[in-house]
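These are my notebook entries on one structure. I set down what I looked up, entry by entry.

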Amino acid sequence: MHNFEKLLFWQKSMTLAKSVYLACQSISNDEKFGLISQIKRSAVSIPSNVAEGSGRNSNKEFNHFLAIALGSAFELQTQLILVKELNLLHEEKVNVLLSEVSEVQRMIYSFKNNLK
C-alpha cells in the first residue's frame, strides 16, 4: 500500500484539478453541462484513481488504476485543446493547464514503469 498524499504526481494532479475548476468558472453557462462538466470529471478522475489504486492490495492493481489516471489525463488534454480551439478560455490560461497536464502525464508514466 502506498501513501498517495506523499506522491508528488498526486499532489500535482490535485493542484491541476483545482486549477481546472477555477478556470471553468469563467466559461459561459452554455457549456456548463456539456464540455465543462466532462473536463471537471476528467480532472478529478486523475487524483481519484491514483488514490484508489494506492489502497489496493498489490502493485499490479495499483498499476491498473495508474493506467486509468493516465487515460483521464489524456482525455483532459484533448478537452483542453478543444476549449482552446473554440476560444472558450484565454489561450495563455489553457496553455498553462496543458503544461500542467503534460507534467502529470510524464510523472504517472514514469512511476508506472518503476512500479512494475
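I take helices (H or I, at least four residues) and strands (E, at least two) as DSSP runs, numbered from the N terminus. I note that this is a predicted model, in which local features need pLDDT of at least 70, side-chain atom pairs count only at pLDDT 80 or more, and totals for chains, interfaces and linings use all residues. Residues are numbered from 1 along each chain as its sequence is written, and side-chain values use heavy atoms, with hydrogens and water left out.

Entry 1: A51.
I located A51 in helix 2. I then listed its contacts, where contact means heavy atoms within 4.5 Å. Not counting residues up to four places away in sequence, A51 touches F4 and W10. I also checked A51 against A69: the two are 18 residues apart in sequence, and 9.7 Å separates them in space, C-alpha to C-alpha.

Entry 2: helix 1 and helix 2.
I looked up how these two helices pack, with axes as lines fitted to C-alpha atoms, for helices over the stretch in contact, and angles running from 0 to 180 degrees between N-to-C directions. The axes of helix 1 and helix 2 cross at roughly 165° and come within 9 Å. Helix 1 is therefore roughly antiparallel to helix 2 (angles under 35 degrees count as roughly parallel, over 145 as roughly antiparallel, 65 to 115 as roughly perpendicular and the rest as oblique). Their crossing is left-handed, meaning that the near helix is turned anticlockwise from the far one by less than a right angle; clockwise would be right-handed. I recorded the residues of this contact, among them F9, W10 and S13 of helix 1 and V50 and A51 of helix 2. By class, the contact of helix 1 with helix 2 has 16 nonpolar, 1 polar and 1 charged residues. Here Ala, Val, Leu, Ile, Met, Phe, Trp, Tyr, Cys and Pro count as nonpolar, Asp, Glu, Lys and Arg as charged, and the others, Gly among them, as polar.

Entry 3: F9.
I found F9 in helix 1. F9 counts as buried because its relative accessibility is 4% (buried means under 20% relative accessible area, exposed over 50%, partly exposed in between, with a 1.4 Å probe and protein chains only). Neighbours within four places in sequence aside, F9 is in contact with V50, L66, M107, I108 and F111. F9 and F111 are 102 residues apart in sequence and 8.8 Å apart in space, C-alpha to C-alpha.

Entry 4: helix 3 and helix 4.
Helix 3 (residues 59-85) packs with helix 4 (residues 91-115) at an angle of about 160°, their axes 9 Å apart. That makes helix 3 roughly antiparallel to helix 4. I noted a left-handed crossing here. The residues of this contact divide into 19 nonpolar, 5 polar and 3 charged.

Entry 5: Q79.
I placed Q79 in helix 3. Is Q79 buried or exposed? With a relative accessible area of 9%, Q79 is buried. Leaving aside neighbours within four places in sequence, Q79 is in contact with L35, Q38, I39 and S42.

Entry 6: N87.
I found N87 in the loop between helix 3 and helix 4. N87 counts as exposed, since its relative accessibility is 64%. Most residues other than glycine have a negative phi. N87, although not a glycine, has a positive phi of about 55°.
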